[in-house]
Amino acid sequence: MNANIQFFGAAGMVTGSKHLLTTPKGKKILLDCGLVQGKKEKNDANRHFGFNPAEVDYLVLSHAHIDHSGLIPRLVKEGFNGLIFAHPATISLCGIMLLDSARIQRDDLKYVNKRRIRRGETPLEPLYSEEDVNKCFSLMQPVEYDEVLKIDKEITLSFTDAGHLLGSCAVHLDIAADKGKKIKITFTGDIGKYNDPILRDPEPFRQCDYLICESTYGNRLHPTGIDAQKELLEVVKHTCVTKKGKLIIPAFSVDRTQEIIYLLEKAENAGDLPNIKVFVDSPLSVNATRIIEKHQECYRADFIEYMKHDPIPFCFKNLKYISEVEESKLLNEFNEPCIIISASGMAEAGRIKHHIKNNINDAKNTILMVGYATPESLGGRLKRGDKEVVIFGEKIPVLAEVKSIDYYSAHADYNEMLHYLECQKKNKIKSVFLVHGEPEALLTYKGILIGKGYSNVEIPAFGDAFELKLP
Ligand SMILES: [Zn+2]
């Protein structure tokens, strides 16, 4: 039997990362187990794996983002009982993110099921409960960067830092095959951008025979020459000092929120931050910040250097973290200029929707978008300049200013991805499989890679299987 790889998610799209590797001896290793995100797909794609979870021997997790980890509890619920290998920081982050995902599903379904019952349809069950989430952790086994672990007689696993999220990894598997040879497979997971303020740059890795590579920014380049801290401070001063208003920032709870806090903290230390309160209003952000503080082994050298002068990162005089709902509600009555950072980043869910609703009707306030937002999300509609938006079923005119800083991204652009792959001898790679990209990004990136001398660049569709030959 030959080894093969089959694609069950992030195939021709950006979410639901799941790739199933079968070794010559028939062992099955699942790379990532992500949730398909997006309104339409949510209910169907996540209820059918396309393979039998009980037959999977191991799961290797590249990082904690829900589109890579969010179906693990469902996999376990459907019979998977093998080990789950992940970086210790990934395991810590999964601890809060998977529970959060279970709660979001439960709350979302309350509304969906009300409508379904009204229409005479059967109510939907959540994909998993908080109890299902808790069952996953006994299966998780931590693997540090650069640790070489023999997970099976024929399978060796190692991780390198992918620089995309705390604990994010590129996954390297060496599979023993006939004649004492090995098949070397690398899965990039998501590749981070270079020069992140907190995380290290993506790390070079050993030569592989087969490469599964993400393609999110396969057709895009990040803008250059942006000084994020300077731009952020300008918006803060314009809103909170000149207009005496509130600055509302929708941000992802993990990484983007801490990045903004860090920039504000540096400004505060330099005496550049106006004397205003900064609220981080999201229980997930509060918990994520605690985890990020703990995993200093993932920080880049300049951030560690910075911490010599400011040993408690993500904490300064005017910064207040809010977990409780009642405290969050009190912010509506807080009438002084301030900054409110809250989740979600696309303003589609979470407390940020309330903050936007409460502050959108006053021109002295500003809503600042700092990350990607799909065009149909509330954040996307604000970003493109809609003059009226619907929040909680109510049409509301947009009187607040809306600004965006296009600097924040957790993904490498295509030039950075090419740079990342410079550690490889192209002619030694038998095939490149491009995953995790919108169709246009995948096609453009394929063309770029072929132009650079890579051959056999494939864009697998859902369910496609490829044989992995001996080197
Ligand atoms: Zn990711």
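Predicted model: local features only at pLDDT ≥ 70, side-chain atom pairs only at ≥ 80, totals over all residues.
Colleague: Which peptide bond is cis, the one with omega near 10 degrees?
Modeller: Most residues other than glycine have a negative phi, and most peptide bonds are trans. With omega near 10 degrees, a cis bond is found in this model at Ser344. The bond in question runs from Ala343 to Ser344.

Colleague: What is the phi of Asp146, and where is that residue found?
Modeller: Asp146 is found in the loop between strand 6 (140-142) and strand 7. Asp146 is not a glycine, yet its phi is positive, at about 70 degrees.

Colleague: Is His436 buried or exposed?
Modeller: His436 sits in the loop between strand 20 (431-435) and helix 14 (439-451). Like Asp146, His436 is not a glycine and has a positive phi, here about 55 degrees. Its relative accessibility is 4%, and the cut-off for buried is under 20%, so His436 counts as buried.

Colleague: Now to the metal: which residues are the protein donors of the zinc ion?
Modeller: The donor atoms lie 2.1 to 2.3 Å from the zinc ion. Along the chain, the donors follow the spacing H-x1-H-x98-H-x25-D. Their names are His63 (NE2), His65 (ND1), His164 (NE2) and Asp190 (OD).

Colleague: Why is the arrangement of the four donor atoms around the zinc ion irregular?
Modeller: To count as tetrahedral, four donors need all angles between 85 and 135 degrees. The angles around this zinc ion reach beyond that range, so the arrangement is irregular: they are 87 to 170 degrees.

Colleague: How many residues apart in sequence are the parts that His65 and Asp190 tie together?
Modeller: His65 lies in the loop between strand 4 (58-60) and helix 2 (66-69). Asp190 lies in the loop between strand 10 (182-187) and strand 11 (210-214). Because both are donors of the zinc ion, the pair ties together parts whose separation in sequence is 125 residues.

Colleague: How far apart in space are Glu336 and Lys244, C-alpha to C-alpha?
Modeller: Glu336 belongs to the loop between helix 10 (325-330) and strand 15 (338-342). At 49% relative accessibility, Glu336 counts as partly exposed. In sequence, Glu336 and Lys244 are 92 residues apart, while in space the C-alpha to C-alpha distance is 7.5 Å.

Colleague: Which residue in strand 3 is the bridge partner of Leu20?
Modeller: Strand 2 and strand 3 (residues 28-31) run antiparallel and are joined by four bridges. They form a hairpin with five residues between them, and Gly26 in the turn has a positive phi of about 90 degrees. Across this pairing, the partner of Leu20 is Leu30.

Colleague: Which residue in strand 9 stands opposite Asp161?
Modeller: Strands of a sheet pair through backbone hydrogen bonds, either parallel or antiparallel. Here an open sheet of seven strands has the order 7-8-9-10-11-20-21, with strand 7 (149-152) and strand 21 (457-458) at the edges. Strand 8 (residues 155-161) and strand 9 (residues 169-176) pair in the antiparallel sense over seven bridges. Opposite Asp161 stands Cys169.

Colleague: And the whole protein: what is its radius of gyration?
Modeller: The protein has 14 helices and 22 strands. The globule rule gives 23 Å for 471 residues, and the model comes close to this, so the protein is as compact as a globular protein of that length; its radius of gyration is 23 Å.

Colleague: What percentage of the residues is buried?
Modeller: The protein exposes about 20300 Å², with carbon and sulfur atoms supplying 51% of it. Of the 471 residues, the buried ones make up 56%.

Note on methods:
Residues numbered from 1 in each chain as written. Heavy atoms only, no water. Donors = N, O, S within 2.8 Å, 3.2 Å for Na, K, Ca; no water. Tetrahedral: all angles 85-135°; square planar, octahedral: opposite > 155°, others 65-115°. Helix = DSSP H or I, 4+ residues; strand = E, 2+ residues; numbered from the N terminus. Buried < 20%, exposed > 50% of the residue type's maximum accessible area, 1.4 Å probe, protein only. Rg over C-alpha atoms; globule rule 2.2 N^0.38 Å. Areas by Shrake-Rupley, 256 points an atom, 1.4 Å probe, with all protein chains shown as cover. Pairing = 2+ DSSP bridges.
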